[in-house]
Amino acid sequence: MTSPLLFSFYLSKIPNPPKGISIIQYADDISVYASGTDLNMLTDKLNQYMITLLNYLEERELLVSPEKSTVTLFTPDRRQGNIHPKIILKDKIIPLEKNPKLLGVIFDTFLTFSQHIKSSTDKFKSKANLMKSIAGSDWGQNKENLILTYKALGRSGLEYGTPVWSPIISESNWKQLQIAQNQALRIATGCLAMTGIDHLHQETKVLPIRDHAMLLTEQYVLAMHLPGHPGQKHLGRPPPQRNMKTTAISLKPKIEHCLPVPDKPSYKKGLKRLHTRAVRTTLSKYENNRVIKTKPPEINKNEMNLHRRTRTYLAQLRSGFSRKVNDYMSRLYPEINNNCPSCNSTPHDVNHLFNCPDNPTLLKPIDLWKRPAAVAAFLNMDGT
């Protein structure tokens, strides 16, 4: 546990870079960078500093391998995508790397973070398989445990490095992340592929991944205002000379109502205010439920005492898409008519289950939320 601390102390006197050059260090991972419009001038300044830095490291018997070092040009100009800045170490030109991985985040020349999102969603597939393996219909974990599993093992990976890339990535990248989350929420609830995304989030009380990622980023920007936070040095910096990408700092206006944060209690209060606002905003955007044509109420907590299979049936019925109704089954199989098996009326949808003249009841569709145990008994959902 003391090794990182001792190593940081060992390099505590690393030479300060000249004006226009910055250095970021995490243990033995050192990144040197410069920002500007004159590429040749920046290259010369970096090369000059690299000589000083290399001498310092070699004096401490720390070897730097040119072959294992890389250089990346970040630019908004697509015409500059293949330019290889000639940064030299030990008389060797450092290799160009268009997708460097820094502390687990994959960058790219144009700062799209597409490779990072692809890598994150690819890794998520194994987590989804894990969720499937513990979500069996008869013996599987309940919805709440599956959601906790997703948050701990799945969403944490999908959202890794959020403050770096969330203000930047494209709609298509957000869609990839949301598709991954949708898969996890369908596993947790047992809902079908046709189920609306809003219903999945309402059933699980999980924010859409974009809303949650932006909330985390806003909370990070709020933390930057704490006294002594290392991110404070970025708050007062002037905008870059080039038209580069938006950064987390641009979200500062969204957290100003929580400022100042002179201490931890005020910071925690600000976190809560940001979370409350994010949840309220998201809830207001959800569409009306397909079955009851309005915003759904809270699900009665007594449902947690029901069998996993029964809860899956109820979640499907609340979505409006369930194998219990021919309105859904007829979409899959043309030979199945959208008629009630009892009274032969059509459509045989979720609302008809509560209005069939051959199976009368005082229950209403809203009771799928308010009285789930009673509905399960009425529809003979005994978990089999």
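In which helix is Asn-182 found?

Guide: Asn-182 is found in helix 6, which covers residues 171-189. This is a predicted model, in which local features need pLDDT of at least 70 and side-chain atom pairs count only at pLDDT 80 or more, while totals for chains, interfaces and linings use all residues. Residues are numbered from 1 along each chain as its sequence is written, and side-chain values use heavy atoms, with hydrogens and water left out.

Helices here are DSSP runs of H or I with at least four residues, strands are runs of E with at least two, and both are numbered from the N terminus. The chain has 16 helices, helix 6 being one of them, and six strands.

Asn-182 has a relative accessible area of 6%, so this residue counts as buried (under 20%; exposed is over 50%, partly exposed in between, with a 1.4 Å probe and protein chains only). Across the chain, buried residues make up 41% of the 384 residues.

Contact means heavy atoms within 4.5 Å. Leaving aside neighbours within four places in sequence, Asn-182 touches Ile-197, Leu-200 and His-201 in this sense. For the whole chain, take the contacts between residues at least 6 apart in sequence: 62% of these join residues at least 24 apart.

As for overall extent, the C-alpha atoms fill a box of roughly 90 × 50 × 40 Å, taken along the principal axes.
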